[in-house]
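User: I'd like a close look at one part of this model. Please keep the answer connected and brisk.
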Amino acid sequence: MTRHTIHRTSSQQLFERAQQSLVEGVNSPSRGAAVYSGGPIMLERGRGSRVWDADGNEYIDFMMSFGALLQGHAHPKLVSVVNEAMASGSHFAAATSAEVEAAERFRRMVPSAEVVRFANTGSEATMLALRLARAHTGRTKFLKFEGHYHGWYDPFLLNAHSHPVAELGTPEHPARIPDSEGIPPATFDDVVLAPWNDVAAIERVFQKHGPELAAVITEPIMANMGCIPPREGYLQRLRELASECGALLILDEVVTGFRYAPGGCQEYYGVKPDISTFGKALGAGFPVGAVAGPRAILDRLRWSDRMVLHYGTFNGHRLTMKVVAANLDLLSAPGTYPRLHAIGNAAIAGLRDVFRRHKMKAIVQGFGPMFQIYFTDRDAIHDYRDYCAYVDAGRYSRFVHSLLEEGIYMTPSNGLHWIISTAHTEADVEALAQAADRACAGLA
Ligand SMILES: Cc1ncc(COP(=O)(O)O)c(C=O)c1O
């Protein structure tokens, strides 16, 4: 099937209109003209693996709402759950059976979750996890890694964006580059910054700072510089070092949770965090965040004059909780994860084959339900510094813009990743390979 996009007149008109009332015409810079040259494609509806834009053009969606849509678009079961729940009241900001049912399923799937607390976004979850860790340990400093993104809470916004390699300092003394204006510099006094995926580097850091760390926070697979899996044994060593120093290991599974295995990367890699954070795929398109861990830590949220405060009108939102429970039931069906991995691996193999045939210096990194393409002459990208030094993000953007013309929907930002949902089929990944073949032919 030739899937050439014909025109985007309506998208362009809508985007122009949006300039009048929305900053940059969007609600996050990652969706606007900073990323999509010529302006974003305005999406109007989705079903299964497909989306349609305001001009009626159809695309196979491999961005899947930055990974939130693990069940694809408008899954019939979730649509009926939402319709039913909506008819009996969206949210009460009161205790409900819906949140009990969601939490029970969550605990069954995530082994480290003795208890869970629901919030509304991944950012809220990581913010709460850090507050809990600080309260639990009585320490304030924490370790974060270069290139890891944990949401937009002030202290996490250090070196989450890529920069020219000349600006990065040395791995021993990384330059500390805030990602946002408006954050008091003193906020970062409590942040220890280190390169990721390097055991010698963290051993050095723990030797120097270990006893003062409340926590070390890490993505298990680095997912905001594309898709960078941990080196073998790395997460386990991090676990040991944190335990030795009495620092809590916060595993930020906002991207990886429920994606690689029912219990996320902690199950996949066999590492037990003290606290873990979730979002995205948990809500299957509804805004949700979650913090999970042992009672000994999460019980600090209990009401008392020494509690860790976590409020929120929309915490445990009833519609969302209904969706979470139904989503986790769907994910628990036998065969779900093997199929996600098989379809993802087929997509990866197809793309690798295309690049090989076109003699492109490109690698496809990751496995199963999440991966990223890097235009590079390296065999692998292992960390932030590799990404900043060796990845041609401009070429990737041009490649994805060509794919958009071929009916493949994906963000042109190299820092994100390709997502396989339960709605994707063998035919979708075959169509992706054909589109990539045509895009490569046109790539200078
Ligand atoms: C690893 C990680 N943690 C936290 C967040 C923040 O989640 P949210 O965008 O739902 O606030 C993100 C968002 O992309 C993320 O990738």
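Is Tyr 59 buried or exposed, and at what relative accessibility? Please take the aromatic pairs around this residue from there.

Analyst: Tyr 59 counts as buried because its relative accessibility is 0%. Buried means under 20% relative accessible area, exposed over 50%, and partly exposed in between, with a 1.4 Å probe and protein chains only. A word on the basis: this is a predicted model, where local features need pLDDT of at least 70, side-chain atom pairs count only at pLDDT 80 or more, and totals for chains, interfaces and linings use all residues. Residues are numbered from 1 along each chain as its sequence is written, and side-chain values use heavy atoms, leaving out hydrogens and water.

Now the rings. The structure holds 20 aromatic pairs. Rings of Phe, Tyr and Trp (its six-membered ring) pair if their centres lie within 6.5 Å; planes under 30 degrees apart count as stacked, over 60 as edge-to-face and the rest as tilted.

Tyr 36 and Tyr 409 are stacked, 6.4 Å centre to centre with 20° between the planes. Tyr 36 sits in the loop between α1 (9-21) and β1 (43-47), and Tyr 409 in strand β13 (residues 408-409), so this pair links distant parts of the chain, 373 residues apart. Helices (H or I, at least four residues) and strands (E, at least two) are DSSP runs, numbered from the N terminus. Both Tyr 36 and Tyr 409 are buried.

Tyr 59 pairs with Tyr 409 edge-to-face: 6.0 Å centre to centre, 80° between the planes. Tyr 59 lies in strand β3 (residues 58-61), 350 residues from Tyr 409 in strand β13. Tyr 409 has a relative accessible area of 5%, so this residue is buried.
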